[in-house]
Amino acid sequence: MVNSLSPSLRRIVVLGTGGTIAGRAASGGDNIGYTAGQVGVADLLGGIEAPEGLALAAEQVAQLDSKDMEPGVWLQLARRCAFWLAEADVAGVVITHGTDTLEETAFFLQAVLAPGKPVVLTCAMRPASSLSPDGPQNVRDAIAVAATPASRGVTVVCAGAIHSAFDVQKVHTYRQDAFASGDAGPVGYVEEGAVRRLRDWPESPTGRSSKILETGEGAPMQWPRVEILTSHAGATGTIVDLLLQERAAGIAEPVRGLVLAATGNGTVHHALEAAALRAQDAGIAVLRATRCASGRILPRPDDKLRDAGALTPVKARIALMLELIGTTA
């Protein structure tokens, strides 16, 4: 734990989890051949000044490439967020994170924390060793959001844009402004350290925070297995039937939920849909989520499979996992 200024000041706590923002390559001109998670979060704060009246503190929670993110790390991160948010002198939390699964982590944290203070995830598309890294500016902008009076909920800050955890998606493989918020648009922008808000901060309905954090710190967490299957031209139900066979065989971790990445307004190839209905009849929870980048599924009266509304398949998977755990996500 590193505290940069007087303990009498209010604090912004920066939690590190690794990612490209903490990555290093052999050459400053190499922006893709790097190893993620090499630089500590305290070092990432070097040269970044705290906003007036605030102090910065840093804590390393994990150090990994976010493509390898696991629910256990999510739970550890959520617990550290909950700890710091409960401190009266903490104004908000910033999390440095890799871009690959950033939207999943953001959604998970919003679901289980429903924070009344800001939790701001940020990232980089270029490693720390780059000739022109984007991480430092993103961290500075994220701190500005966390320091903004009345800000709350989980947001993602990248390339000057503020995205809600509910809407954010990674939409580009390489460019620095790699995230978008679909139809909803960004919550706002950070302009020279000042936040220009366009719409409300993300907020979960009252009473929707999760009980998952109440499990004992050392107690093993049983995460339900939820798989994502994509509907496409020529899709079959073969994988679903194999998963059903696994359940019948009594394997240790049988599938408990399926998310169908559906076409258009939640439509599913007839062969895959038939298999999904068999799975549903066998007690597997099934949820449809559109694979379209924008829009939401509008339900029809004759729908036999539930839909996830505006949630993307990866976020629908998290919602279903939390539901199966017995939370109110």
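Which hand does the crossing of α5 and α6 have, left or right? It is left-handed, a term for a near helix turned anticlockwise from the far one by less than a right angle, with clockwise giving right-handed.

Before going on, I note that this is a predicted model, where local features need pLDDT of at least 70, side-chain atom pairs count only at pLDDT 80 or more, and totals for chains, interfaces and linings use all residues. Residues are numbered from 1 along each chain as its sequence is written, and side-chain values use heavy atoms, with hydrogens and water left out.

**Entry: α5 and α6**

Two packed helices are described by the angle between their axes and the distance between the axes. I looked up both for helix α5 (residues 238-249) and helix α6 (residues 270-281): the angle is about 20° and the axes are 8 Å apart. That makes α5 roughly parallel to α6. The cut-offs I used are under 35 degrees for roughly parallel, over 145 for roughly antiparallel, 65 to 115 for roughly perpendicular, and oblique for the rest. The axes are lines fitted to C-alpha atoms, for helices over the stretch in contact, and the angles run from 0 to 180 degrees between N-to-C directions. Helices (H or I, at least four residues) and strands (E, at least two) are DSSP runs, numbered from the N terminus.

Then I checked who meets whom. From α5 I wrote down Val240, Asp241 and Leu244, and facing them in α6 are Leu272, Ala275, Ala276, Arg278 and Ala279. Contact here means heavy atoms within 4.5 Å. By class, the contact has six nonpolar, no polar and two charged residues. For the classes, Ala, Val, Leu, Ile, Met, Phe, Trp, Tyr, Cys and Pro count as nonpolar, Asp, Glu, Lys and Arg as charged, and the others, Gly among them, as polar.

**Entry: α2 and α3**

The crossing of α2 past α3 is right-handed. On the α2 side, the contact is made by Trp74, Leu75, Leu77, Ala78, Cys81 and Ala82, and on the α3 side by Glu104, Thr105, Phe108, Leu109, Val112 and Leu113. I get 10 nonpolar, one polar and one charged residues for this contact.

**Entry: salt bridges**

How many salt bridges does a search of the whole structure find? It finds 16, each being a side-chain nitrogen of Lys or Arg within 4 Å of a carboxyl oxygen of Asp or Glu.

I looked at a few of them. Arg175 pairs with Asp177, the closest N and O atoms being 3.1 Å apart. Arg175 is partly exposed at 39% relative accessible area, and Asp177 is partly exposed at 41%. My scale is buried under 20% relative accessible area, exposed over 50%, and partly exposed in between (1.4 Å probe, protein chains only).

Arg196 bridges to Glu191, with 2.9 Å between the closest N and O atoms. Here I have 40% for Arg196, partly exposed, and 38% for Glu191, also partly exposed.

Glu227 and Arg225 form another one, at 2.8 Å between the closest N and O atoms. Glu227 is partly exposed at 29%, and Arg225 is partly exposed at 23%. I also found Arg288, Arg300, Asp302 and Asp303 joined into one network by salt bridges that share partners.

**Entry: positive phi**

Ala114 has a phi near 40°, a positive value in a residue other than glycine. I found Ala114 in the loop between α3 (102-113) and β5 (118-122), partly exposed at 27%.

Glu192 has a positive phi too, near 50°. Its place is the loop between β10 (188-191) and β11 (194-197), and at 79% Glu192 counts as exposed.

Is Thr155 buried or exposed? Thr155 is buried, at 1% relative accessible area, and belongs to strand β6 (residues 153-158). Leaving out residues up to four places away in sequence, Thr155 touches, among others, Val119, Leu121, Ile162, His163 and Trp201.

Arg10 lies in strand β2 (residues 10-18) and is partly exposed at 43%.
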